[in-house]
Amino acid sequence: MGARDRIREFFITNVGKILTTQQIRKVGGISEYARRIRELRDEEGFQIKTHVDRADLKPGQYILETLEQRPVISRTISPQLRNEILERNGFTCQLCGAGAGDPDPFNSNRKVRLHIDHIKPLSQGGTNDRHNLRVLCSACNQGKANVQPPSDTALNIIAKIRKLPKSEQLEIYNILKRKFEA
Ligand SMILES: [Zn+2]
């Protein structure tokens, strides 16, 4: 029996009970128990909840709420849909406003990479429906940049402008153009 099987059985035997990282690690006998739990959730539809899903759980606590398995939704987003979302969001991160090719604010050797993010995570019943998808940069996708720097530096303001609809960007462009051409 593999680690995933042992962890699955442990959750099923303890359905409705809070389990801890230590217990699960002991049963699984591996350090990558977190990945096994993700697989049970995403590939098998088990409704395993964490502190991210439920305020009454502490970090490191897990609970299998019910034996009912959710229908599994593929994580794969077709290239067509991916392009559609990128176009719709103007190839711009919807949290920080970074665009593809901008320098990565967390690693100056790299350029920003854009991801398609599920607004409501698949693990919480979100779908691949286009309304549940948006563009995020790698940093925001990993939750590193979820706090916008408070200072109004030129870069921050540009990031804000890039998130505006095209018509408003054009308005700002025209104002600045008039100013500098005068
Ligand atoms: Zn971002």
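pLDDT is the predictor's confidence in each residue, from 0 to 100. I'm working with a predicted model, where local features need pLDDT of at least 70, side-chain atom pairs count only at 80 or more, and totals for chains, interfaces and linings use all residues. Residues are numbered from 1 along each chain as its sequence is written.

**Confidence.** I looked up the mean pLDDT of the protein chain and got 85, with 92% of residues at 70 or more. Residues 144-150 stay under 50. For that stretch I found 11 contacts (C-beta atoms, placed from the backbone, within 7 Å) beyond four places in sequence.

**Cores.** Next I checked nonpolar cores, meaning sets of buried Ala, Val, Leu, Ile, Met, Phe, Trp, Tyr and Cys residues joined through C-beta atoms within 7 Å. Buried means 20 or more other C-beta atoms within 10 Å of a residue's own, with C-beta atoms placed from the backbone. The largest core has 12 residues, including C93, L114 and A159. Its largest share, three residues, comes from β7. Leaving out residues up to four places away in sequence, I see C93 touching A98, L114, V135, L136, C137 and C140. A second, separate core has 11 residues, among them F11 and Y33.

**Helix α7.** Helices are DSSP runs of H or I, at least four residues, and strands are runs of E, at least two, numbered from the N terminus. None of the 16 residues of α7 is buried.

**Sheet.** I traced an open sheet of three strands, in the order β1-β3-β2, with antiparallel pairing (at least two DSSP bridges between two strands). K49 has I63 in β3 as its bridge partner.

Technical notes:
Two residues are in contact if their C-beta atoms, placed from the backbone, lie within 7 Å.
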